[in-house]
Amino acid sequence: MIRTSVTLVTAACLALVSTTAGAAPKAKPPTEEQIQAYLADKPEAARPLFRHVMLDGERNKGLYLMRAGLASMDAGDFRSAAGAFDEALTRIEAIYANNPSAIKARSKYVKEAFKDFKGEGYERSMAYYYRGVLYLYEGDYDNARASFMSGQLQDQWAEDAEYASDFALMDVLSGWASQCAGDPGLARDFYEKARQKSADIAIPAPGDRTLLLAEVGRSPQKWADGKYQENLRYRQGDMSGAASITFRLADAELSGRPGESLYRQAATRGGREVDTILAGKASFKSTTASVASGTGQAAMIAMQTSNSLAAQNYGGANSMAYAGLALGALSLFSAAASAAAKPQADIRYWDNLPETLAFATSPPIGTFGQIEFVSATGGQVSTTLLEPRPDPRGACSIAWSRESGTYAVPDTAPNSELKKKS
Amino acid sequence: MARNAGKQVLFVAVSMALLVAGGASAQKRDKTYDKGMKAQELDPSQRGPVSGVGIESQDIIGMTDRMVRDMLSNPQLAGRATAPRVIIDDQYFTNESSQRLNKRIITDRLRVNLNRASNGRMNFIGREYASMVAQERELKREGVTDVGTTGLTRAQAGVDFRLTGRITSEDSAAQDGSGRIQRFNQITFEMIDLESGVIVWSNLYDFARVAADSVMYR
């Protein structure tokens with residue numbers, strides 16, 4: 001009987017392990033020839049990131065598409081950037097109902113990071129933001145507006161209603177797209193929405209036809225705390241570089257107006273629905289660990305008592321031994337369940353994002369100039385060429401730029417590897 | 001006594017195994033697409049396996065078919081003694097919705113189906129090709145090419161009616177923790193008399209959809 005019981009417990013543990021192993025689905029990796037064919041029309045600087053799009057599988061594809069899309073914009077290859085963001089947005093827009101990876105990630109024994117990456121609200125909003133900017137370059141104002149509207153919608157799940165859909169720059173840009181499309185009425189509606197969310201946000205004048213966008217600092221970072229790293233947290237990225245922006249032209253000088261802080265957007269999101277699940281996983285891990293410890297001690301006492309009873313030839317020694325064995329099995333089982341539970345929060349993040357978005361608008365500008373990135377103490381950190389580009393329809397012009405050096409990132413995205421033993 | 005204790009051990013072990021392993025197996029992953037999926041035909045008039053709350057292929061087919069039938073039953077458009085000249089393109093068809101969309105997928109389908117079904121009751125003008133036509137006319141008149149077989153006209157065709165339209169949407173999100181998003185989509189179509197500005201025909205197509213993403217993304 002004892003042997004049967006031990007066998008059953010062992011089988012149960014094996015069943016548990018086999019049904020809950022968190023291994024990612026393995027698809028056949030692409031050949032080097034396929035990778036080279038895919039990379040052939042991609043900008044040189046973004047190729048290491050696009051390579052990961054091919055290699056990392058569906059779990060990280062959205063993340064690498066966002067990184068590669070932005071790196072392509074930096075490299076001035078807007079066609080590759082648009083393609084990458086379109087693919088990323090397809091993933092963001094897909095309704096993950098009954099999605100196998102998402103279902104699996106809910107399991108107590110699988111990390112949240114097992115799910116396919118869509119990003120948190122601020123990351124999804126930024127994917128729409130960049131696609132919208134690319135549409136502005138193309139002069140496709142309808143789709144630019146749709147992108148900025150969708151970017152705003154990604155911010156609607158904030159825990160505190162005060163911070164829901166408060167990405168005022170998205171409304172300003174929806175208004176801008178409407179203004180350039182020749183619909184001042186719709187533009188006014190969006191500007192009014194922007195003012196309601198941020199009283200200080202700069203609103204373009206009706207006669208403005210040039211939009212200047214610039215970005216400084218490095219992306220917010222995700223990290224985790226809690227006993228089992230189950231709480232998702234954010235910290236501000238490096239802001240040691242520029243603190244303000246000046247758009248300097250031969251005939252004009254414009255100050256970059258505050259658009260948005262991505263750290264603010266990330267940190268004001270509040271608790272997520274998935275946090276409740278992670279808390280449940282953490283509670284399970286903790287409870288099973290306690291049960292394992294308690295029953296383990298009880299098993300020891302039972303076995304010692306059994307030995308004493310046997311030594312003194314009292315009855316009941318066998319019963320006590322069996323009880324000790326049962327408690328020991330329960331302890332082992334609970335310890336196995338506790339060790340297998342994975343409540344860790346998903347801390348993958350889009351790391352070549354900036355920290356701060358700034359913008360300015362003006363009447364038509366026909367000249368080249370430069371963007372000056374200025375430190376908090378007033379020193380010039382860097383400059384870059386300012387080249388407003390008219391859209392193909394000639395309705396408006398746009399220039400987009402970043403503080404130099406802020407977009408260099410490692411080939412591998414932060415925390416993107418799924419380590420089984422942690 | 002020993003037999004009872006053994007049964008208890010068995011009971012505890014099996015119960016725990018069923019409890020935990022059973023809970024885990026409920027989360028078993030669908031491996032159907034692990035090795036990818038060969039391309040397969042889908043009926044574009046039916047909702048496909050990947051769908052959201054916005055305009056999809058079945059909406060485009062459904063709405064354009066309905067608009068074609070409605071326009072052909074309108075005597076001001078399809079019952080004239082002389083077939084009117086009509087432009088149907090995306091120039092005045094605007095997308096004010098929150099969905100990124102290639103509007104031409106709607107206007108092209110509308111024009112092609114209407115052209116085929118009208119059987120000469122309406123003539124369609126390709127204004128977006130005006131520069132191509134002008135270039136060929138110039139070659140003919142300069143004698144670089146001959147005049148072709150259909151003869152010359154004094155000018156390119158003037159137009160009687162032009163299609164306009166608007167795609168709009170209203171999005172809302174449930175704030176009850178369910179993660180549901182809802183979108184009301186409305187697509188309007190109007191035919192404008194290009195001489196008087198009178199709207200000679202209107203119709204609209206609307207629908208609302210609700211969906212919720214997995215809790216893992218909320």
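Author: In helix α8 of chain A, 13 of the 13 residues are buried, so the rest of the structure largely encloses α8(A). Buried means that 20 or more other C-beta atoms lie within 10 Å of a residue's own, against 12 or fewer for exposed and partly exposed in between, with C-beta atoms placed from the backbone. The model is predicted: local features need pLDDT of at least 70 and side-chain atom pairs 80 or more, while totals for chains, interfaces and linings use all residues. Residues are numbered from 1 along each chain as its sequence is written, and chains are lettered from A and ligands numbered from 1 in the order in which they are written.

Helix α8(A) covers residues 141-153. Its expected span (1.5 Å times one less than the number of residues) is 18 Å, and the end C-alpha atoms are 18 Å apart, which agrees. Helices (H or I, at least four residues) and strands (E, at least two) are DSSP runs, numbered from the N terminus.

Turning to the sheets, two strands count as paired if DSSP finds at least two bridges between them. One open sheet has 4 strands in the order β5-β4-β8-β9 (chain A), with antiparallel pairing. Strands β5 (253-255) and β9 (380-386) of chain A each have a single partner, so one side of each lacks a neighbour in the sheet. β4(A), residues 244-249, pairs with β5(A) over 3 bridges, and A:T246 stands opposite A:S255.

Another open sheet, of 5 strands, runs β6-β7-β1-β11-β10 (chain A) with mixed pairing. Its edge strands are β6 (257-261) and β10 (389-390) of chain A.
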